[in-house]
Amino acid sequence: MSEKPFWEGKTCKEMANLHVKVTFVAGAVLTGITDCSGHIRRSRNGSIVPISANRGAKRFVPYRDIESIELLDDPEYERIDDIHDVCKGDIFVATNGNRFSVAAVDDDDKTDCTLAVMIQTEDPDSYAWMFNSTFAYALRPKPKLPDHDGLWLDKDDNTWTMRDGSVQMTCLGADDWCFTRSWFSPDSVQVLNAAPFRPAKVVEA
């Protein structure tokens with residue numbers, strides 16, 4: 001029996017803000033972000049491509065001239081293919097495309113259910129163990145790293161300076177300023193360990 005598509009049983013509102021690839025029967029392919037009305041917007045001025053025959057809170061039903069709808073990975077996430085590398089807080093992507101937040105991990109190599117995921121019930125702490133056979137891959141949010149020149153604050157509120165593609169810790173703590181520290185590439189171990197970063201406002205630095 002084939003797996004159900006990830007959109008089956010969802011409303012158009014539940015399908016909103018997803019990055020998808022739509023393949024039409026005639027061969028045309030469209031990628032974009034869905035909205036709560038079952039559309040993909042082509043431009044900021046409101047030009048749209050309807051992909052669902054229903055709208056809003058009604059059940060999402062693809063038009064008959066659509067062959068398939070696939071979820072696309074977000075570039076802000078790291079893909080994890082080894083189930084044993086998945087951590088709590090990652091996103092479990094099932095073989096049918098559905099996604100769940102990972103709530104617990106069982107490291108026992110002999111178990112058939114390594115990951116437990118959050119489920120929507122009246123109990124906010126409820127979760128369910130998923131069979132390993134339903135695991136396709138997982139997604140992990142990539143830490144925000146400095147990506148343009150200027151001042152940045154790390155996870156501990158230390159100040160860093162980015163210039164010409166390199167990063168330097170400029171201030172450790174509140175007042176330990178030093179402009180002779182080493183410069184690192186944004187993807188170096190030293191910088192990754194200090195992530196996530198956020199641009200510093202003048203009043204913060």
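At 43% relative accessibility, Asp157 is classed as partly exposed, because this value falls between the limits of 20% for buried and 50% for exposed residues. The structure described here is a predicted model. Asp157 is located in the loop that connects β12 (150-153) with β13 (159-163). The backbone of Asp157 has a positive phi of about 70°, although the residue is not a glycine.

A positive phi at a non-glycine position is also found at Asp164, with a value of about 55°. Asp164 belongs to the loop between β13 and β14 (166-172). With a relative accessibility of 68%, Asp164 counts as exposed, because the value is over 50%.

Pro196 is part of the loop between helix α1 (189-192) and strand β17 (198-199).

Turning to the sheet architecture, an open sheet of 3 strands is formed in the order β2-β1-β5, with antiparallel pairing. Strands β2 (29-33) and β5 (66-71) are the edge strands, each of them pairing on one side only. From one strand to the next, the twist averages 20°. In general, the strands of a sheet pair through backbone hydrogen bonds, in either a parallel or an antiparallel arrangement. Between β1 (residues 19-24) and β5, the antiparallel pairing extends over 5 bridges. Within this pairing, Val20 has Leu71 of β5 as its bridge partner.

On the surface, a nonpolar patch is made up of Met118, Tyr127 and Trp129, which together have about 290 Å² of accessible area. Trp129 is a residue of strand β10 (residues 127-130). The relative accessibility of Trp129 is 40%, so this residue counts as partly exposed.

Taken by accessibility class, Asp157 is partly exposed at 43%, Trp129 is partly exposed at 40%, and Asp164 is exposed at 68%.

Notes: Residues are numbered from 1 along each chain as its sequence is written. This is a predicted model: local features need pLDDT of at least 70, side-chain atom pairs count only at pLDDT 80 or more; totals for chains, interfaces and linings use all residues. Side-chain values use heavy atoms; hydrogens and water are left out. Helices (H or I, at least four residues) and strands (E, at least two) are DSSP runs, numbered from the N terminus. Buried means under 20% relative accessible area, exposed over 50%, partly exposed in between (1.4 Å probe, protein chains only). Two strands pair if DSSP finds at least two bridges between them. Axes are lines fitted to C-alpha atoms, for helices over the stretch in contact, and angles run from 0 to 180 degrees between N-to-C directions. Patches are made of residues with over 30% relative accessible area and no salt bridge: like charges are joined within 9 Å, nonpolar side chains (Val, Leu, Ile, Met, Phe, Trp, Tyr) within 5 Å. Accessible areas come from the Shrake-Rupley method with a 1.4 Å probe; for residues, only the protein chains shown count as cover. A salt bridge is a side-chain nitrogen of Lys or Arg within 4 Å of a carboxyl oxygen of Asp or Glu.
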